[in-house]
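Visitor: Hi, I'm new to this one. Could you walk me through it?

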Amino acid sequence: MSDTTTSDVDLVGDETTLNIARAALLAALTGAFAIVGSIPIPFSPVPFTLQVLGVFLAGLLLGPVWGAASMLLYLVAGAVGAPVFAGGSAGIGVLAGQTGGYLFSYPVAAAAAGYLAHGGSELTDLRVVPPIRPLAGMTAAIVIIYALGTAQFAFVNDVGLVEALTLASLPFIPGDVFKMFIALVLIRSGSLNEHVLPK
Amino acid sequence: MTLAYRPGDSVGHRLDPRSKFAVQVSFVVAAFVYTTPWGLVWLTALTGVLMAAADTSPVVTVRELRYLVPFLVGAPVLQGLTLGTPWFVVADAVPPALASYRILLVLFVSAAYVRTTPVRASRAAIQRTVPGRFGRFLGVGVALVFRFLPLLQRDLARIRDAQRARLGGQRSVRDRARLLAVAGFNRAFRRADRLALALQARCFAWNPTLPPLRLGRRDLPALALAVGLSAAALYGAV
């Protein structure tokens with residue numbers, strides 16, 4: 001009894017292959033930052049993690065389309081069990097839980113950061129564009145992350161928006177502004193851009 | 001890192017990933033509709049049954065979710081606090097406390113899925129559920145994330161070790177974060193380039209062969225449970 005079928009091999013194009021590899025690796029790196037990238041800060045219960053930096057750089061380096069695709073992979077991988085969410089957690093319970101709104105916002109935030117920084121879906125050399133563009137993109141990303149994150153936190157925990165903002169957003173904002181500047185330094189210095197720009 | 005698939009032969013391990021996913025989703029919906037003391041008692045009992053069927057220990061799961069504790073406890077405490085006497089209003093703190101407990105139950109159920117479902121099966125389920133190239137992109141991408149996560153974690157740990165060995169730990173948080181990020185991204189991009197080349201060399205295709213998935217008779221109880229939970233949630237919401 002044979003159970004075989006035949007079909008033509010439908011090869012993936014070179015450009016797309018590279019983009020899929022980059023999107024997957026940036027998603028994995030964002031997940032790796034969630035655990036290993038945390039740097040304890042004295043006198044603060046909230047460790048400093050570099051996850052949001054992954055969101056910024058996915059948008060800035062891969063552009064709005066592949067940046068959003070990368071963050072979508074991050075979410076789906078976490079939903080089916082990769083330990084990529086804060087502290088190495090996973091599962092749709094995290095997405096449906098109190099901090100899930102921040103996670104859901106990542107693809108949108110990455111797309112916004114990439115779109116504003118590059119002025120469209122075509123990739124440009126971020127070393128030469130005025131720094132105000134990537135800054136505007138990342139600011140939009142932060143606003144999106146906190147808007148969706150606070151809304152879900154308030155809804156899921158059944159607390160008021162003010163309480164949600166106090167507990168789950170305000171303590172993190174200075175750190176995220178700081179990460180914005182790290183991201184800006186990274187793309188201006190050019191040590192990363194050479195990986196993604198056409199030679 | 002510890003919340004991951006463990007091979008086994010529990011009831012949960014033998015189910016199709018799609019029926020387990022259906023149970024999870026319907027459980028979340030039901031938990032949101034029945035966030036009452038009695039509703040949560042029933043859902044706690046159900047969570048116990050599901051975790052037993054998946055051979056997942058609640059103690060181990062709690063240990064893995066400990067980082068969430070400040071938030072779970074913080075929400076009711078903060079909502080109960082008020083400016084002026086009596087300083088703490090118990091009635092205000094009850095709904096957030098129920099909500100926090102509900103979150104814990106949902107996390108337990110999803111831990112049971114993660115413990116009993118191998119990645120290959122999840123990938124196949126994604127590719128069969130989401131149609132077309134988009135589904136294949138998700139399937140391939142998720143598998144790659146699983147493959148590269150430990151490597152990138154090791155990369156980052158190695159970078160931090162190297163930093164510490166050179167007294168980098170004494171630099172400011174800003175410097176440490178910047179150096180970790182630059183080195184981390186550089187290594188990730190270099191790995192991506194090599195991976196893309198390797199994929200092309202191996203005829204990376206949109207239509208590879210996947211492990212077979214079969215929804216069988218043993219999935220019936222799980223699917224019935226999912227339908228029951230959804231119906232109960234619908235009834236409670238209307």
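Predicted model: local features only at pLDDT ≥ 70, side-chain atom pairs only at ≥ 80, totals over all residues.

Visitor: What is the secondary structure of chain A?

Guide: Chain A comes to eight helices and zero strands, where helices (H or I, at least four residues) and strands (E, at least two) are DSSP runs, numbered from the N terminus.

Visitor: How many residues of chain A are in contact with chain B?

Guide: 63 residues of chain A are in contact with 69 residues of chain B, two residues being in contact if their C-beta atoms, placed from the backbone, lie within 7 Å.

Visitor: And which helix gives the most to that side?

Guide: H1(A) does, with 16 residues on the side of chain A that touches chain B.

Visitor: New topic: at what angle do H2(A) and H8(B) cross?

Guide: Their axes, lines fitted to C-alpha atoms over the stretch in contact, with angles from 0 to 180 degrees between N-to-C directions, cross at roughly 70° and come within 9 Å. H2(A) and H8(B) are therefore roughly perpendicular to each other, the word covering angles of 65 to 115 degrees.

Visitor: Which residues meet there?

Guide: From H2(A), A:Leu73, A:Val76 and A:Ala77 meet residues of H8(B) including B:Leu138, B:Val142 and B:Phe146.

Notes. Residues numbered from 1 in each chain as written. Chains lettered and ligands numbered in written order. Parallel < 35°, antiparallel > 145°, perpendicular 65-115°, else oblique.
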